[in-house]
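Have a look at the model first, and then read on.

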Amino acid sequence: MSGNANLMKINSRLIGIFFALSLLIPSNIGINFYGINFEDLPLIFVFLYLFVNKIQNFENKKYDKAFLTFIFLFISYTTFLVDEIKLFNQTNLRFYFYFTLTYLCVDYLKINKNKILEFFEPLSIVMIANFILIIFQIQLPGPIDGWISNNTNSANIFVSGRLGGFQGGGPNVIGIFCAIYSLICIYKLLIADDSKKYLTNNKTNTFLLILSLINLLFTFSRGSFLALAVGLFSLLLFTTKYNKSFKYKIVITATLFGVITIYIFPSIFLKESNRSFLNGLGIQNIKLFTGVGGGNYIKSVYKDYLITLEKDDLNDQFNISYSESDYEIKSDDYDMSSSTPVEGYLKLKFDYRDNFLPRSIISFFYSDDGVIWNQLGSNHTNGLIIDLIENDSYFEVGGWGDGQSPGGQQLSGFLNKVIIQTDMYKREFTFSKSSRDKDYYLLTPELRNEYENNVDFKNNSIRLDRPRDYWVALPNEVNLSGRDFEIIIHLNLDSVPKGHETIFSQSSIFRLNEEFNDQSWKWSIIDGRMYFFWIEEVISGYANFVGGQSLRSGKLISTDGKFDSIISNFSLSQYDEITTSHNGFLTMAVEYGLLIILLIMIFIIYLIIRNYNKENELEVSILLMLLTQNITNDLIYAPDVAIYFWMVPFYFLANILKD
């Protein structure tokens with residue numbers, strides 16, 4: 001009994017402190033033994049302590065039997081019913097460890113009649129430490145750790161970067177911790193006899209609430225914002241402090257506040273996201289009974305992208321390797337050369353406003369006949385309304401920002417047709433020799449006048465030359481600022497451009513009216529990828545753009561003399577894009593099969609229903625927050641969050657399995 005008494009000196013709050021400390025140790029520093037590093041040591045210490053305590057005081061209760069049955073089935077399924085059977089799979093071992101640690105924590109909590117809140121309260125340490133990161137903008141070695149700078153010279157802290165936290169999971173991981181701790185502080189206010197008095201008397205809770213909300217704001221994590229809203233709504237349903245009428249008023253006010261916030265800060269909430277696209281790739285790789293194996297989600301789902309990297313980079317960054325046959329297949333795919341002649345139509349579509357949402361949408365298309373269009377990649381937006389600078393000078397075809405063409409790059413081939421179209425205007429330009437100097441002009445930057453030398457014409461099309469020699473200028477008859485428009489170009493090119501070429505622009509050096517700026521926007525193609533650049537301040541130049549290197553951006557190629565598209569080559573700058581933007585349960589379904597994940601999800605829902613009462617209002621709210629965030633980020637895979645995520649379901653399981 002004396003040994004047991006010594007063990008009892010460690011309570012649930014102290015265990016929570018160890019968990020919190022693990023969130024303050026930067027990731028991937030230490031021994032790296034089977035993925036174990038310094039940040040894992042506090043958890044391992046707690047695990048060993050609880051494991052010894054369990055062995056010394058083992059009682060074969062219903063809760064123990066249920067866990068042992070579950071862990072046996074889970075280990076068997078995830079080890080043998082996968083494409084890649086590996087007994088010591090690191091991802092599998094982490095799941096087994098977190099499940100077992102959570103089981104031991106909840107068992108210890110129940111035996112000592114502690115509350116689950118005591119595990120979460122030490123997150124206050126994490127809130128204070130991360131607030132210091134914000135104040136001093138401390139950057140840590142990892143790409144998404146510490147203060148993640150936007151590399152701007154702005155003194156405005158709101159645009160200079162975002163909070164990534166110590167733990168290595170990035171803004172979305174520290175974001176959910178900030179949201180959870182904010183909820184805990186608000187929960188204490190709600191259960192107090194006099195909330196207003198508690199707010200002023202308990203200055204520590206008020207201070208930590210303000211701190212956690214500031215931290216949450218600077219993560220700019222939309223998933224965490226939504227998770228907090230879900231948690232608050234759940235608490236509101238449970239609380240008896242307010243009547244239904246007042247609750248309705250709170251919900252209506254909060255909804256209006258949310259809508260107004262989205263409209264005030266559209267660049268945060270409405271900016272371009274790849275999550276739906278990435279989830280679609282994941283869904284395509286799901287099987288009902290089997291999976292690709294633990295830790296193989298990225299290797300399997302993004303194979304077509306990652307295989308474009310150099311083998312050494314692939315191994316260094318992702319610890320992934322593919323077979324020679326995989327590379328041979330991909331090599332055959334890329335034999336579709338972009339250096340052969342190609343004819344077809346290209347289209348830029350600019351939607352000034354995305355229906356009722358305050359953001360502009362830019363999309364690119366290609367076609368064989370100008371009737372049936374294929375979209376190149378996905379829609380692009382920066383989350384804001386793009387107000388193009390009004391410009392009454394010429395439209396240009398084939399120029400490069402005032403006629404400059406770096407490195408001799410140019411659109412090489414023949415221009416057949418251009419269509420400029422808005423809801424109130426449509427003009428079709430053709431390029432026969434007879435319509436020169438009537439419907440269009442050939443201008444030269446050197447003398448700033450019309451080009452007088454010979455030009456090649458062929459079948460009512462004109463040869464495009466280096467913009468330093470001449471470019472095609474079209475009369476500007478319509479103001480495109482503040483409205484939807486389309487630009488369609490029919491081209492017959494020597495090859496798909498491989499450099500940086502402007503296809504179409506409104507940035508002529510010939511200023512017709514001194515009241516207007518001579519630069520506004522341009523549509524460019526860089527190594528087969530489409531970009532839309534625009535100017536907001538003349539002094540900053542073309543600093544704003546959408547498109548380019550993203551998994552959602554296709555690459556233009558030629559196939560049998562026609563425009564076509566392929567998956568865009570992967571860049572190491574997209575590392576964060578493919579490692580954090582996943583639905584956690586979707587990731588598990590790909591790695592272990594849909595069936596077992598459906599069973600786990602159904603069982604979690606069952607546990608929520610069985611424990612949905614006033615006594616568990618905080619626990620239910622926290623679990624709903626974690627489930628919400630897990631939709632957009634794989635929290636159940638994040639080493640920092642997993643133990644907190646599974647804590648509540650195991651706690652609910654222990655509640656309903658009383659001996």
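## Aromatic pairs

Y297 and Y302 are both buried in this predicted model. By the ring-pair rule, the count comes to 46 aromatic pairs. One of them joins Y63 and Y103: this pair is tilted, with 5.2 Å from centre to centre and 35 degrees between the planes. Y63 belongs to helix α4 (residues 62-80) and Y103 to helix α5 (residues 90-111), so the pair ties together parts that are 40 residues apart in sequence. Y63 and Y103 are both buried.

What about the rings of Y297 and Y302? Their centres are 6.2 Å apart and their planes stand at 80 degrees, so this pair is edge-to-face.

## Charges over rings

Two lysines are worth a click here. K347 lies over the face of F365, at 4.9 Å from the ring centre. K522 lies over the face of F533, and here the distance to the ring centre is 5.3 Å.

## A nonpolar surface patch

On the surface, I128, I132, I135, F136, I138 and F207 form a nonpolar patch, and together they have about 580 Å² of accessible area. Helix α7 (residues 123-136) gives the most to this patch, with 4 residues. F207 has its place in helix α11 (residues 203-219), and it counts as partly exposed because its relative accessibility is 47%.

## The whole protein

Zooming out, the protein has 24 helices and 19 strands. Of its 659 residues, 53% are buried. Among contacts between residues at least 6 apart in sequence, 70% join residues at least 24 apart. The accessible surface comes to about 30,300 Å², and 57% of it belongs to carbon and sulfur atoms.

Terms used
Residues numbered from 1 in each chain as written. Predicted model: local features only at pLDDT ≥ 70, side-chain atom pairs only at ≥ 80, totals over all residues. Heavy atoms only, no water. Helix = DSSP H or I, 4+ residues; strand = E, 2+ residues; numbered from the N terminus. Buried < 20%, exposed > 50% of the residue type's maximum accessible area, 1.4 Å probe, protein only. Contact = heavy atoms within 4.5 Å. Areas by Shrake-Rupley, 256 points an atom, 1.4 Å probe, with all protein chains shown as cover. Patch = residues over 30% accessible without salt bridge, like charges linked within 9 Å, V, L, I, M, F, W, Y side chains within 5 Å. Salt bridge = Lys/Arg side-chain N within 4 Å of Asp/Glu carboxyl O. Phe/Tyr/Trp six-rings, centres within 6.5 Å; stacked < 30°, edge-to-face > 60°. Lys NZ or Arg CZ within 6 Å of the ring centre and 35° of its normal.
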